[in-house]
Amino acid sequence: MFTLKKTPGRDFVVLNLTDTHLTDEEWANGHKNRLILERTVDELVRKGSPELITVSGDISFADHPNAERAYEKFASLLESYRIPWAFVWGNHDNQAGAEVAGRHADIMLSHEHCLFEKGDPALGMGNYVIGVEEEGRLVYALYMMDSHDRFDFTDSDGSVRKGWGHLLPPQLDWLRGESERLGGVRSALIMHIPFYTYRDAFEAAWNHDFDPMKVSPAESLDPKYWNEGYRDSRGVKYEGVGSYPVDLGEFDAVNGIGSVEITLVGHEHINDYEISYRGMRLAYSLKTGAGCYWNQALNGGTLLRITDDGGKLENIFVNVDDIVG
Ligand SMILES: [Fe+2]
């Protein structure tokens with residue numbers, strides 16, 4: 001477990017980036033996607049003044065040519081800010097298997113400010129805890145967890161296909177154990193792939209008199225878009241929720257632990273909503289940069305401010321119109 005220090009009376013600021021997805025080719029000098037990513041991260045760091053940067057996965061594509069160089073370039077960019085940074089793997093980081101993901105993790109770990117633990121291989125790669133301490137007392141925990149790549153799913157007609165990954169029962173046991181060990185301190189869970197429950201939360205919260213495809217992030221702040229009981233929601237949903245196709249109860253298990261107040265994920269590049277559902281804040285982090293597919297109006301990152309009163313999320317949008325042209 002890593003421990004970082006919070007200054008009394010001040011928020012501890014975490015900047016979360018996600019789904020940067022840059023290939024080695026796109027890291028070439030002068031490549032538009034590189035310029036967009038560098039500008040975006042620079043502006044996020046300048047505006048957010050984070051004390052920790054986290055990344056919720058899909059940093060690159062593990063099976064692309066020269067992938068190790070892409071991971072190294074990304075690590076060097078984060079290292080240049082000289083503050084601690086941490087990450088979880090996304091499905092694309094895991095898509096070449098555990099051995100390759102392990103080599104890429106070693107590249108990241110060769111950097112001084114990188115916080116990452118491979119953890120117990122039975123749980124995947126990169127299940128670990130970052131604690132935030134104030135005057136020697138633990139006040140918050142970040143549970144960093146691996147949501148894997150894809151798992152088999154058997155359809156009602158008996159055919160087997162791949163569904164997006166999810167947390168496994170031993171990971172839920174691990175999380176419960178860590179939470180108990182840390183006295184149930186308030187916490188956030190950072191992983192790549194959302195719970196199935198992200199679908200239920202949006203269905204319950206959204207006012208279906210409106211088409212979510214036609215609402216902008218700024219407009220979504222208007223409570224008329226949200227049902228009663230969910231008026232503190234915000235954000236947009238421009239694509240489906242890429243969770244495992246059925247609910248295996250991970251959200252219930254995590255929520256039952258009682259200490260996790262926020263879950264922050266990536267995976268979907270053009271969803272950025274944040275909804276309090278059954279006592280937990282379920283949120284998408286804003287996608288960082290143009291890699292893979294993106295919506296230019298949803299470029300940026302998400303701050304997690306650890307206040308004396310728990311964690312608060314805040315999106316920072318970064319305008320890169322001048323680079324895109
Ligand atoms: Fe993903």
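This is a predicted model: local features need pLDDT of at least 70, side-chain atom pairs count only at pLDDT 80 or more; totals for chains, interfaces and linings use all residues.
Me: Which residues of α2 are buried, and what do they pack against?

Reply: The buried residues of α2 are Ala 67, Ala 70, Tyr 71, Lys 73, Phe 74, Ala 75 and Leu 78, and they pack against the strands β3 (52–55), β4 (85–87) and β5 as well as the helix α4 (98–109).

Me: What makes a set of residues a nonpolar core, and which members of the largest one touch the most others?

Reply: Such a core is a set of buried nonpolar residues joined through C-beta atoms within 7 Å. The largest nonpolar core here holds 85 residues, of which Ala 86, Leu 142, Tyr 143, Met 144, Ala 188, Leu 189 and Ile 190 touch the most other members. Helix α2, covering residues 67–79, gives the most to this core, with six residues. In soluble globular proteins, nonpolar side chains tend to be buried together.

Me: What does Ile 190 touch, leaving aside residues up to four places away in sequence?

Reply: Ile 190 touches Asn 16, Thr 54, Ser 56, Val 88, Leu 142, Met 144 and Leu 264, when residues up to four places away in sequence are not counted.

Me: Why is His 21 called buried, and what can be said of its phi?

Reply: A residue is buried if 20 or more other C-beta atoms lie within 10 Å of its own; His 21 has 28 other C-beta atoms within 10 Å, and therefore His 21 is buried. His 21 is found in the loop between β2 (12–17) and α1 (32–48), and its phi is positive, about 55°, although His 21 is not a glycine.

Me: Why is Cys 292 called partly exposed?

Reply: The label applies between the two limits, which are 20 or more for buried and 12 or fewer for exposed; Cys 292 has 18 C-beta neighbours inside 10 Å, so Cys 292 counts as partly exposed. Cys 292 is found in the loop between β13 and β14, and its phi is also a positive value in a residue other than glycine, near 65°.

Me: What makes Val 246 count as exposed, and where is Val 246 placed?

Reply: A residue is exposed if 12 or fewer other C-beta atoms lie within 10 Å of its own; Val 246 has 11 C-beta neighbours inside 10 Å, and so Val 246 counts as exposed. Its place is in the loop between α6 (197–205) and α7 (250–257).

Me: Why do β5 and β15 stand at the edges of their sheet?

Reply: Six strands form this open sheet in the order β5-β4-β3-β2-β14-β15, with mixed pairing. β5 (114–115) and β15 (310–317) each have a single partner strand, so one side of each is left without a neighbour in the sheet.

Me: How do you know that β14 and β15 pair?

Reply: Two strands pair if DSSP finds at least two bridges between them, and β14 (residues 300–307) and β15 are joined by eight bridges in the antiparallel sense. Within that pairing, Arg 305 stands opposite Lys 312 in β15.

Me: What is the order of strands in the sheet of seven?

Reply: The order of this open sheet is β1-β6-β7-β10-β11-β13-β12, and its pairing is mixed. Its edge strands, β1 (2–5) and β12 (274–277), each pair on one side only. Four bridges join β1 to β6 (residues 128–134) in parallel, whereas β6 and β7 (residues 137–144) pair in the antiparallel sense over seven bridges. Strands β10 (residues 187–190) and β11 (residues 260–265) pair in the parallel sense over four bridges, and the bridge partner of Ala 188 in β11 is Ile 262.

Me: How do you know that the radius of gyration of the protein chain agrees with that of a compact globule?

Reply: With 325 residues, a compact globule would have a radius of gyration near 20 Å, and the protein chain has 19 Å, which agrees. Buried residues make up 48% of the 325 residues in the protein chain.

Definitions and conventions: Residues are numbered from 1 along each chain as its sequence is written. Helices (H or I, at least four residues) and strands (E, at least two) are DSSP runs, numbered from the N terminus. Two residues are in contact if their C-beta atoms, placed from the backbone, lie within 7 Å. The radius of gyration is taken over C-alpha atoms; the globule rule is 2.2 Å times the number of residues to the power 0.38.
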